Amino acid sequence: MASLSRALRVAAAHPRQSPTRGMRPCNLSSAAGPTAEKSVPYQRTLKEGQGTSVVAQGPSRPLPSTANVVVIGGGSLGCQTLYHLAKLGMSGAVLLERERLTSGTTWHTAGLLWQLQPSDVEVELLAHTRRVVSRELEEETGLHTGWIQNGGLFIASNRQRLDEYKRLMSLGKVYGVESHVLSPAETKTLYPLMNVDDLYGTLYVPHDGTMDPAGTCTTLARAASARGAQVIENCPVTGIRVWTDDFGVRRVAGVETQHGSIQTPCVVNCAGVWASAVGRMAGVKVPLVAMHHAYVVTERIEGIQNMPNVRDHDASVYLRLQGDALSVGGYEANPIFWEEVSDKFAFGLFDLDWEVFTQHIEGAINRVPVLEKTGIKSTVCGPESFTPDHKPLMGEAPELRGFFLGCGFNSAGMMLGGGCGQELAHWIIRGRPEKDMHGYDIRRFHHSLTDHPRWIRERKLLRRLPPR
């Protein structure tokens, strides 16, 4: 049984030879390819249908000949967008998923939800996600989404960070988000296993929590279907039909699949790391990159039960309660890019690169010292999409009328999915943003940069990650 401290020693003894560490994209070796079997917390979604090609069996239901909206991708954003379209009264809404719901990036997400962010727009978006997942879906369907409200702790190891958290607490009061700034002693009382010797304080948000990707997306699909929407799995999209009107404007005409076509004036690209490939089908440039993104799940930790989730922004690490264990992860400063995004990848994972992951181990052990002697039950390293400025890509593409983006969520797709899905539905139906979300609109990027891979990568590497 490996432990976090042993992994740290092994990584330190075998450093990667890279004179420009953190600046150059790392090449994938054959050992870093996707693997079919991993022990992860979501057993029910990982091992179903192993050894068979579900896609080859055909779509889960017949394709309609026409639709008012076709959503591509059955992850968090796709399911949330479909649900909100149906809730706003849009008839003829269809979701196409090439495999099964959550396959690709959503199924292995940590599912954390932190209600407080520096942007008031994001606070509103997160609040809506929480309402949908924690209350509204269960009231509507009678099904539990898997929401767990165990609270969240933001760690302040310097005075500047504590001042930032005090401002977040003030912002939370405006939007009705309960939060408390705690002293180190109060933090120790709340979280006895935490090292507080280097802390100035913490921000505690008791109504933060964790979402279950499978439970959430399944319930969203059920609720959308009850309102007349259609969810079609095992149906890969192979092309986007486009026509040019009398004024020379390119418009969406339909969607091609392996099993037929659907005539539609509107397509929503919620394909995650595959969003660039879907964009190319329509002649639309989607500025995002695919990367390995990882966390590990520990063995049982006595006394960790019912503890809040923890986010240490300065150490770039998070600790997510996983029953009687912890999931430990963070944002990689020297990420491994997924060079050749495979359209066959579904519920697989990559082998974890321990050297890349080392930075998270140090921060995690410092914060919760018992982790140094705790075993590792499983590693979870899957694909995730990141954008040059770490903001999502949303809105109608300037190159093609009727082609909307809902992708590039920088590992925050579960958190922002409800709010952004609602906004996308409003944009599609009403034709204009409901609130000031220019920072998310795809039009913020000049067309000369949206198809510039080197610029996208370097911009992503040079920019510091947001405090999620």
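For the count of elements I take helices (H or I, at least four residues) and strands (E, at least two) as DSSP runs, numbered from the N terminus. On that basis I find 11 helices and 21 strands in the protein chain. I note at the outset that this is a predicted model, and I read every entry below with that in mind.

Entry on the whole chain. The protein chain has 468 residues, and I find that buried residues make up 58% of them. I then looked up the accessible surface, which comes to about 18900 Å², with 50% of it belonging to carbon and sulfur atoms. Turning to contacts between residues at least 6 apart in sequence, I see that 78% join residues at least 24 apart.

Entry on aromatic pairs. I describe a pair of aromatic rings by the distance of the centres and the angle of the planes. My search of the whole structure returns nine aromatic pairs. One of these is formed by W114 and F154, with 5.3 Å from centre to centre and 50 degrees between the planes, and it is tilted. What does this pair tie together? W114 lies in the loop between β4 (112-113) and α4 (120-141), while F154 belongs to strand β5 (residues 152-156), so the pair ties together parts that are 40 residues apart in sequence. I also checked whether these side chains are covered: W114 counts as buried because its relative accessibility is 2%, and F154, at 3%, counts as buried as well.

I next looked up F345 and F350, whose ring centres are 5.5 Å apart; their planes stand at 25 degrees, under the 30 degrees that the class requires, so I record the pair as stacked. Both F345 and F350 are buried.

Entry on helix packing. I looked up how helix α3 (residues 76-87) packs with α4, and found an angle of about 65 degrees with the axes 13 Å apart. The crossing in which α3 passes α4 is left-handed. Which residues meet there? From α3 I list Q80, Y83, H84 and K87, and these meet H128, V132, V133, E136, L137 and E140 in α4.

Note on methods: Residues are numbered from 1 along each chain as its sequence is written. This is a predicted model: local features need pLDDT of at least 70, side-chain atom pairs count only at pLDDT 80 or more; totals for chains, interfaces and linings use all residues. Side-chain values use heavy atoms; hydrogens and water are left out. Rings of Phe, Tyr and Trp (its six-membered ring) pair if their centres lie within 6.5 Å; planes under 30 degrees apart count as stacked, over 60 as edge-to-face and the rest as tilted. Buried means under 20% relative accessible area, exposed over 50%, partly exposed in between (1.4 Å probe, protein chains only). Contact means heavy atoms within 4.5 Å. Accessible areas come from the Shrake-Rupley method with a 1.4 Å probe; for residues, only the protein chains shown count as cover. Axes are lines fitted to C-alpha atoms, for helices over the stretch in contact, and angles run from 0 to 180 degrees between N-to-C directions. A crossing is left-handed if the near helix is turned anticlockwise from the far one by less than a right angle, and right-handed if clockwise.
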